[in-house]
Amino acid sequence: MSTKRKRKEPWRVSLHGGHSKEFCDHGRAPLRKMLERAIEEGFTIYGVTEHAPRVKEKCLFPKERAAGWSVETLRQIFDDYCSTLTELAQEFSADLEVLRGFEAEMVPVDSFKEVMLSLKEKHQMDYLVASVHWVHEELILSSDINPFNRAMEICGSYEAMACQYFESVALMTTELRPEVVGHFDVIRRHGDKFGSLEEPSIKKTIMETLELVKEHNAIIDVNLAAYRRGFDTPFPLPWIVKEAHRMGIGLCFGDDSHSLKQVGQNMDRARQYLLDQGVRAIRVLRRRNGQIVQDEVPLI
């Protein structure tokens, strides 16, 4: 490990990221190296949240199919991830509080609750990040815009699709009661080409979803991947951050890292972003007396 480290800051916390090449087909670095980089970057708490295995053959990624993977392959990889992360969390505990989580999927739609909660229970994971990646079982966050277009065609319009996306966020929040809601308005990755989230029907759905996030005491991930996608702000947008903050919903950073370079990338920029929206503290998860609890950490 490099001896050059950033000073530890209480607000250097990520609750969403650490996707590694052993356990994610699009990860680029070993999990051990990701954690070492988190220490170098001055993190105090680092939540590792690998993607949950998809249990439907239709939802395998093209690269996974090309490699001959199956649903059973994904299950075994996830089992290995959970056991490896548990060992590494203990090993790194003197230098970094490593939280053990995973990013839940909403496929298959008719049984995702049972599948995701059983995974959390089986592996005794610390927490869940509820993230919507699929609409009508089309992977709307793919770099390939075609699945996004197919989902939009099924819904009838971008406005209808955006409403369904946020309704899915609300359903995941209600059914899974996750500790964290991931990349809240990531539909903007392609959606900004087709319309605004301030359309009245979409905004109404967003506000209803925020009410459920508040009701279930979930933290919203201030997702830094947006910067890497060329956006000027993280996910979510400033007006959504302000509404969430007004409602008393906690916010915390998620670097959504898939490589060493992305660990902590743009954290300082995101901190200033929150300060500019009037947010003076983030809400973090930490382990206390064997339980995962929420805590407030000042940004200044």
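What percentage of the 300 residues in the chain is buried? Buried residues, meaning those under 20% relative accessible area with a 1.4 Å probe and protein chains only, make up 58% of the chain. The model is a predicted one, in which local features need pLDDT of at least 70 and side-chain atom pairs count only at pLDDT 80 or more, while totals for chains, interfaces and linings use all residues. Residues are numbered from 1 along each chain as its sequence is written, and side-chain values use heavy atoms, with hydrogens and water left out.

For a first look at the overall fold, the chain holds 11 helices and 11 strands, counted as DSSP runs (H or I, at least four residues, for helices; E, at least two, for strands) and numbered from the N terminus. With a radius of gyration of 18 Å, close to the 19 Å that the globule rule gives for 300 residues, the chain is as compact as a globular protein of that length; the radius is taken over C-alpha atoms, and the rule is 2.2 Å times the number of residues to the power 0.38. Along the principal axes, the C-alpha atoms fill a box of roughly 55 × 50 × 35 Å.

The axes of α5 (residues 146-155) and α6 (residues 158-176) come within 8 Å and cross at roughly 100°, which makes α5 roughly perpendicular to α6 (a term for angles of 65 to 115 degrees). Phe148, Ala151, Met152 and Cys155 of α5 meet Tyr158, Ala160, Met161 and Gln164 of α6, where contact means heavy atoms within 4.5 Å.

Technical notes: Axes are lines fitted to C-alpha atoms, for helices over the stretch in contact, and angles run from 0 to 180 degrees between N-to-C directions. Angles under 35 degrees count as roughly parallel, over 145 as roughly antiparallel, 65 to 115 as roughly perpendicular and the rest as oblique. Buried means under 20% relative accessible area, exposed over 50%, partly exposed in between (1.4 Å probe, protein chains only).
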